[in-house]
Amino acid sequence: MHLMVEMIRSSILSATPVLLAGLGGAYTYYADVFNIAMEGMMLIGAFTAVAGSYSSGSWAVGVLSGIAGGLAAALIFAFFVVSLKTDEFVTGTALNMLALGGTTYSLRQLFHVKGAFMSPAIQSIPRWNIPLVSEIPCLGPILSGHPFIVYIGILLAFFVEWHIFNTRFGLRLRAVGEDAIAVDSVGVSSDRIKAQAIMASGVLCGLAGAYLSLGYVTLFAENMSNGRGWIALAVIILTRGRPMGLLLMSLVFGFFDGLGLSLQGTMIPPQFTQMVPYVVTIVALYFYSREKGTAKGEPEQSKASLS
Amino acid sequence: MKKQLLPAIIGIVVALLAGLIILWAQGYPPLQSYAALFSYSLFSRFAFFSTLDKATPLILTGLSAAVGFGSNCVNLGQPGQFLIGAMAVTAFGIAVDLPAAIMIPLSILVALAAGACWSGIAAGLRRRFNMDEFITTLMLNFIADYFTLYLISGPMLDTKMYSPLTPMTNSGAWLPIWNGFGSAFLVAVAAFAVVSVLWNRSKIGYEWRAMGQNPIFSRTGGCRNDAAYVWAMLLSGALAGLAGGLMIMGGMQHRFVKGIGANYAWDGVMIAIVANNNILATGLYALFFSVLQTGAMGMELETSVPSEFSLVLQAIVVLFVVASRESTRMLMNNIAAEMRMKRARGRDKGMGDGRRASNG
């Protein structure tokens with residue numbers, strides 16, 4: 001029983017960064033921007049969050065600078081993709097490299113360390129105990145006492161669902177994704193909406209990064225996003241960008257991530273348990289493709305739109 | 001190629017200037033740092049040979065990405081294919097002991113085959129189940145990473161050492177080093193020659209390029225897209241695998257060490273991107289990137305700029321070259337449109353009245 005509680009608890013913890021990045025990516029998904037840069041935005045957010053928290057001694061400044069870092073990366077991406085009309089895939093890949101190189105470089109430049117930066121001066125995000133729920137056995141430890149961004153993430157899922165499907169901005173966003181020229185023709189700038197979508201994804205990826213480096217753990221390590229941005233991208237494709245689907249799927253991924261962690265110390269070598277989330281992504285893609293394949297097979301189309 | 005040259009030069013110059021400003025803003029002597037960057041990568045025999053050494057994996061991973069992207073296969077699995085290639089060569093080199101004349105060609109084949117197998121998984125999933133190779137290759141990277149980590153810290157661990165690495169391979173599989181010149185570079189050059197002939201002169205190369213431009217058009221035009229897709233993926237994986245294999249066969253280490261892949265594979269992806277999947281340009285950018293990476297060590301030595309600066313510089317180069325390529329193209333299109341309009345207007349003035357009259 002205790003193990004079960006521990007596993008569900010850890011799956012919520014590891015689901016959150018994928019959920020947050022996925023919600024950010026939902027905006028760009030509906031605006032038809034191929035946002036491969038989420039990985040980089042998250043990494044930059046994680047770094048600036050640690051830098052902010054360390055230098056100011058306040059977690060709030062840390063979270064805000066994490067968001068600012070993600071937003072800055074998004075602004076670069078938007079500038080290139082929307083203003084200069086460069087290829088999204090190309091620019092996103094370059095931005096990911098810039099994030100990896102830039103954070104590694106800054107790690108040495110600012111903190112004079114290689115690999116990882118840890119310090120007691122980094123203030124981590126406070127954990128919230130939910131008043132009544134924390135008293136309930138089993139459910140209490142599962143739901144209560146997480147870093148507060150976990151709860152923000154769940155609320156954001158509902159907010160994004162509402163924002164994309166029930167507001168004027170959301171309608172325009174989806175219209176841009178359907179047919180940008182038609183949107184331009186009625187006097188709404190599709191470029192502006194695309195840029196806004198990219199910025200929204202930057203903010204949420206930055207928040208995901210801040211959660212990683214100030215909530216999930218309290219340190220910054222080289223390439224610490226470790227493919228979560230890409231898993232988020234896979235989850236978006238699997239759920240077709242629906243925020244409620246994202247919430248569910250990221251919990252599934254979190255569960256397998258947590259499963260990997262709790263299998264450590266058993267007979268299975270730890271390297272195999274660490275593979276689990278990535279294998280699960282492939283398996284999930286298999287089921288998704290099978291379902292899509294029986295509905296309507298258009299392999300060339302999807303490929304052409306990717307690159 | 002000629003059309004690419006101008007934006008490339010503009011992009012590189014602007015990026016180097018941006019790098020200059022970054023260095024200057026952080027209080028380093030910018031010009032001195034750049035002087036060190038180039039003198040430690042080009043202007044001595046030893047420096048030049050180490051640049052070529054570094055270029056070896058970059059050329060191959062760059063070609064791997066260029067072949068993939070150029071034929072519309074989004075193979076982002078170079079890191080995994082690189083590691084699997086390196087691991088296969090290590091295992092082969094430890095298990096088999098033959099004279100170099102047999103061992104070296106066999107090891108090269110093993111590297112090619114191992115890389116192709118790893119990308120072949122993604123190609124198979126695509127063909128059989130229509131799963132996007134772009135996600136499967138990315139996920140296979142992590143699987144390869146953890147799998148090789150498992151091998152070097154468990155079954156293949158050199159128990160005499162204290163960090164996770166394998167024993168050395170048998171010396172038959174070592175590529176000779178002549179006076180500081182690593183012959184692995186020659187293998188990369190040979191691979192480059194083969195790929196550029198295949199790409200530019202062969203039938204399947206034509207199909208790849210057609211598929212890269214427009215898969216629907218190429219299918220309509222009678223290309224065997226499905227077969228060409230699988231071959232492109234296999235070649236792409238094989239090249240990345242060879243890059244990994246040469247890391248073991250060349251150099252001095254001859255063993256699989258944790259972190260052996262470094263950033264070579266992603267650098268290759270960037271090289272192909274900045275070269276716009278052109279094979280010749282891929283080779284040239286690979287050399288340029290290796291100049292930056294090799295020189296960065298010298299820069300750290302001389303002006304104590306952290307060598308990681310080369311990573312930043314590379315990414316800036318990519319962004320600026322791509323941006324300048326797009327803006328030149330847009331500018332050219334605008335100029336062309338303007339000229340066409342002017343010509344049309346000129347014609348209008350001459351014969352417009354008559355036409356209008358006849359129309360009305």
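B:N276 sits in the loop between α11 and α12 (279-303) of chain B, where helices are DSSP runs of H or I with at least four residues, numbered from the N terminus. Its phi is near 55°, a positive value in a residue other than glycine. B:N276 counts as buried, because 20 other C-beta atoms lie within 10 Å; the label "buried" asks for 20 or more such atoms within 10 Å, "exposed" for 12 or fewer, and "partly exposed" covers what is in between, with C-beta atoms placed from the backbone. With 22 other C-beta atoms within 10 Å, B:H254 is buried.

All of this comes from a predicted model, in which local features need pLDDT of at least 70, side-chain atom pairs count only at pLDDT 80 or more, and totals for chains, interfaces and linings use all residues. Residues are numbered from 1 along each chain as its sequence is written, while chains are lettered from A and ligands numbered from 1 in the order in which they are written.

Going by pLDDT (the predictor's confidence in each residue, from 0 to 100), chain B averages 88, and 96% of its residues score at least 70. Within chain B, helix α4 (residues 78-95) has the highest confidence, at 95, and helix α13 (residues 309-359) the lowest, at a mean of 78. Over residues 354-360 of chain B the pLDDT stays under 50, and the model has zero contacts there beyond four places in sequence; a contact here means two C-beta atoms, placed from the backbone, within 7 Å. Chain A averages 87, with 94% of the residues at 70 or above. Where pLDDT is low, the predicted coordinates should not be read in detail.

Next, the meeting of the two chains. Here 42 residues of chain A are in contact with 39 residues of chain B. On the chain A side, α4 (88-111), α10 (228-239), α12 (270-295) and α13 (299-306) each supply at least two residues. That side of chain A divides into 21 nonpolar, 16 polar and five charged residues (nonpolar: Ala, Val, Leu, Ile, Met, Phe, Trp, Tyr, Cys and Pro; charged: Asp, Glu, Lys and Arg; polar: the others, Gly among them).

Back in chain B, α6(B) has 21 residues and reaches 29 Å from its first C-alpha to its last, close to the 30 Å expected, a figure that is 1.5 Å times one less than the number of residues. Because 15 of its 21 residues are buried, α6(B) is largely enclosed by the rest of the structure. Residues of α5(B) that meet α6(B) include B:W118, B:I121 and B:L125, and among their partners in α6(B) are B:T137 and B:L140. By class, this contact has seven nonpolar, three polar and two charged residues.
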